[in-house]
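User: I want to know what stands behind the labels in this model. Please set each value against its cut-off.

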Amino acid sequence: MKFPSTRRLFVSTVIALAFSAAHAQWPERPIKIIVASAPGGSPDIVSRLIGAELAKRVGQPVVIDNRPGAAGAIGMAALAAAPADGYTIGYGNNATLATNEFLYAKLPYDARKLEPIINTSKTASLFVVNNDLPVRSIQEFIAHAKQNPGKLSFATGDAGGSGHIGAELFNRTTGIQVVHVPYKSASQAMTDLMGGQVAYLIDNYSVAGPHVNAGKMRALAVTARERTPLFPDVPTMEQSGLPGYDITAWGGFVAPPGTPIEAIARLNKELNAIIQEKEFRERLLKIGSTVVGGSPEDFRSLMEKERVKWGELVRMTGAKGS
């Protein structure tokens with residue numbers, strides 16, 4: 001008679017004990033956080049905030065390693081190939097951990113094999129338009145787009161991300177005909193939106209918010225089901241006449257496949273403590289994100305549920321990675 005689950009438990013326990021014995025003083029050297037996007041975006045901001053606090057708690061430097069490109073595939077592939085020793089972790093989000101597998105025929109990494117550590121935060125986005133567009137609400141935008149079929153365009157700087165899928169869902173739900181203009185980065189998309197080359201885009205608060213506050217673009221709606229205190233006068237998509245519309249991005253930390261459970265547990269403990277600190281929560285709120293936290297199992301459960309959700313959205317909208 002075989003006892004596969006018992007054997008797996010035994011092997012995991014042996015690995016954990018070996019790690020604990022070999023790394024009793026963990027960490028003994030710098031920790032690296034791979035961020036699969038360029039500096040300045042939400043993943044980078046969150047990783048740097050957490051990295052700075054983690055360094056204080058563990059007494060070792062925490063290095064941020066930005067690996068942008070290929071919709072996050074370059075960074076995630078580097079993470080997947082890194083040593084599974086607890087000294088290299090990476091920031092993943094709904095795009096790299098749930099959506100990419102449905103957008104691309106082949107990826108250089110398997111998100112299902114990465115080890116979840118903690119879901120740090122979630123954030124909604126803003127639907128923003130060029131200031132010269134003669135609209136002040138979502139319904140006015142829809143009416144304007146239908147009066148000008150094929151003449152308007154929308155930008156994306158996150159192929160397969162929440163902004164991309166959110167825009168495709170909006171277009172399909174409302175029945176408008178607009179042209180998709182993909183960019184390599186959110187900053188490029190924002191520049192062309194402000195310049196009038198594209199009509200609208202959807203992006204998170206940390207990217208779009210400062211431009212809205214500076215009066216360089218106009219926010220028509222929030223993509224989540226609740227308004228944000230950062231823009232209390234901006235309605236949600238549901239309040240704008242699109243029932244059930246809810247695009248909420250999330251992110252957290254994962255480790256290379258096979259990272260010992262002891263390392264995962266220690267990292268989870270430290271990161272949970274960091275994100276629950278009042279100062280950190282307030283700093284996160286300033287970029288439009290709210291803290292989540294929880295166990296590695298909680299994060300794994302979220303990723304599995306979100307793969308189903310985003311997979312359905314990709315099939316429904318017909319979105320494809322660029």
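Analyst: Start with burial. Buried means under 20% relative accessible area, exposed means over 50%, and partly exposed lies in between (1.4 Å probe, protein chains only). The model is predicted: local features need pLDDT of at least 70, side-chain atom pairs count only at pLDDT 80 or more, and totals for chains, interfaces and linings use all residues. Residues are numbered from 1 along each chain as its sequence is written, and side-chain values use heavy atoms, with hydrogens and water left out.

User: Which residues of H2 are buried?

Analyst: Ser42, Pro43, Asp44, Val46, Ser47, Leu49, Ile50, Gly51, Glu53, Leu54 and Val58. Helices here are DSSP runs (H or I, at least four residues), as are strands (E, at least two), numbered from the N terminus.

User: How do you know that the span of H2 is close to the expected one?

Analyst: The expected span is 1.5 Å times one less than the number of residues. H2 has 17 residues, for which 24 Å is expected, and its first and last C-alpha lie 24 Å apart. Just after H2, glycine 59 has a positive phi of about 75°.

User: Why is the contact between arginine 112 and glutamate 101 called a salt bridge?

Analyst: The term requires a side-chain nitrogen of Lys or Arg within 4 Å of a carboxyl oxygen of Asp or Glu. Here the closest N and O atoms are 2.9 Å apart, so the pair qualifies. Arginine 112 sits in the loop between H4 and E4 and glutamate 101 in helix H4, so the bridge ties together parts 11 residues apart in sequence.

User: What makes glutamate 101 partly exposed?

Analyst: Its relative accessible area is 29%.

User: How far apart are the closest N and O atoms of glutamate 115 and arginine 300?

Analyst: They are 3.5 Å apart, and the pair forms a salt bridge. It links distant parts of the chain: glutamate 115 in strand E4 and arginine 300 in helix H11, 185 residues apart. Arginine 300 counts as partly exposed, at 32% relative accessibility.

User: How many salt bridges does the whole structure have?

Analyst: The search finds 13.

User: What divides the lining of the second largest pocket into nonpolar, polar and charged residues?

Analyst: Residue type does. Ala, Val, Leu, Ile, Met, Phe, Trp, Tyr, Cys and Pro count as nonpolar, Asp, Glu, Lys and Arg as charged, and the others, Gly among them, as polar. The lining has 10 nonpolar, seven polar and seven charged residues.
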